[in-house]
Amino acid sequence: MKRVSTAVAFAALMLTASVPASAQNNANLQIIWIDVEGGAATLFVSPSGQSLLFDTGYPGNGDRDAKRIFAAAQKAGLRQIDHVVISHWHGDHVGGLEALSKLIPLGRFYDHGDGVETVDRPRLEGYKAIAGAKRTILKAGDTIPFPGVQTRVLVSEGPVIATPINGGGANALCTNAVRQAPAGPENIRMVGLSVTYGNFKFASLGDLDWSREMELACPVNKLGAVTVYTINRHGGLDNSGAPALLGAIKPQVMVVNNGPRKGLGAKDDRVKPIAAPGSAPYEANGYLRMAKLPGMEGIWQGHRSLLDSDPAHNTAPDMIANLEEGPTDQGHSITASVAANGSFTMTNARNGFTRTYMAK
Ligand SMILES: [Zn+2]
């Protein structure tokens, strides 16, 4: 009898626990790069079952992106998304929010503030209507409470983070580093986020531009070492991907949240580097700039680039989540499952291909 009553009590505990069972059974940090066709939407589920969504993809298309985020949340066993961070007010990052808010309860909201261009103002106003009093305006150095996981805001309108994290310090790559003129205002105000779990260090700077990357990288590398990095600008690297930053943070694994014809593979021909005499040369091709970084162990892509489908300018097909565009595109995601000891396994949902890495 005693055994039975213990089992009943345990079952009751499981039923009343606020944490979903599937998350509760998983001691790992889960990261899901949801395919939003060249927008951005990355879902984090902490070992204790808390959730944080960084960006919400595009609007429209029958609420495609909101539905894909909802499906990923359901698969992760979530009944709500606890934290929603919006990097900036462009449609490929905040556009899916309104539809998503009708599919699943959303907890708290975080953003860079009310600085906005006229064209983006309706999106800001729509966000404010949804967030209401649950809104927090971030500044660099802030943390978002996420049990068991250390979050840090690296940049958000205003000065970048003051104190280096994750072993950051003086950066030798700043000598003769190539500079570029600032991009449009939204890509300067951007929220950039670090998520650290034990020895595993994730960072994403959204669409942050080269000039702001240089503030984070020079003269001091404020990001320190990064294990997994979501490359800026969906891999297009037009006015981003400064070698002085990428070479200093030395990502072991990169994820490219590109679309079939967005980001990676786009010609970087509208930006004129400010090439001071003696500036260090750098690789113009975005894919090769990533692939040639010392210590690079793997690049994972949301899509094969159809802007530049040269196999030498795309990662191995097994590490590409989506090969097609149009009706045959199924929106497969890329996931990381991160153990407390720094071991992490990346998975391609299209073919089940996995690779396990160890955070340095
Ligand atoms: Zn974007």
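Predicted model: local features only at pLDDT ≥ 70, side-chain atom pairs only at ≥ 80, totals over all residues.

I started with burial: 55% of the 360 residues in the chain are buried.

Next I looked at the overall build. I found 10 helices and 16 strands in the chain. The radius of gyration is 20 Å, close to the 21 Å from the globule rule for 360 residues, so the chain is as compact as a globular protein of that length. Along the principal axes, the C-alpha atoms fill a box of roughly 85 × 45 × 45 Å. I also checked contacts with a separation of 6 or more: 71% of them come from residues 24 or more positions apart. The accessible surface is about 14,700 Å², with 58% of that on carbon and sulfur atoms.

Then the metal. Which protein donors does the zinc ion have? I get D92 (OD), H93 (NE2), D207 (OD) and H234 (NE2), at 2.1 to 2.2 Å from the zinc ion. Along the chain their spacing reads D-H-x113-D-x26-H. H93 sits in helix 4 (residues 91-94) and D207 in the loop between strand 9 (200-204) and helix 8 (210-217), so this pair ties together parts 114 residues apart in sequence. H93 is buried at 1% relative accessible area, and D207 is buried at 2%.

The angles among the 4 donor atoms run from 86 to 148°. Tetrahedral would need all angles between 85 and 135 degrees, and the site is classed as irregular.

Last stop was Q180, in the loop between strand 7 (150-155) and helix 7 (186-189). Q180 is buried, at 4% relative accessibility. Its side chain makes a polar contact of 3.4 Å with the side chain of Y282.

Technical notes: Residues numbered from 1 in each chain as written. Heavy atoms only, no water. Donors = N, O, S within 2.8 Å, 3.2 Å for Na, K, Ca; no water. Tetrahedral: all angles 85-135°; square planar, octahedral: opposite > 155°, others 65-115°. Helix = DSSP H or I, 4+ residues; strand = E, 2+ residues; numbered from the N terminus. Buried < 20%, exposed > 50% of the residue type's maximum accessible area, 1.4 Å probe, protein only. Polar contact = N/O pair within 3.5 Å; in protein donor to acceptor, adjacent residues only side chain to side chain. Rg over C-alpha atoms; globule rule 2.2 N^0.38 Å. Contact = heavy atoms within 4.5 Å. Areas by Shrake-Rupley, 256 points an atom, 1.4 Å probe, with all protein chains shown as cover.
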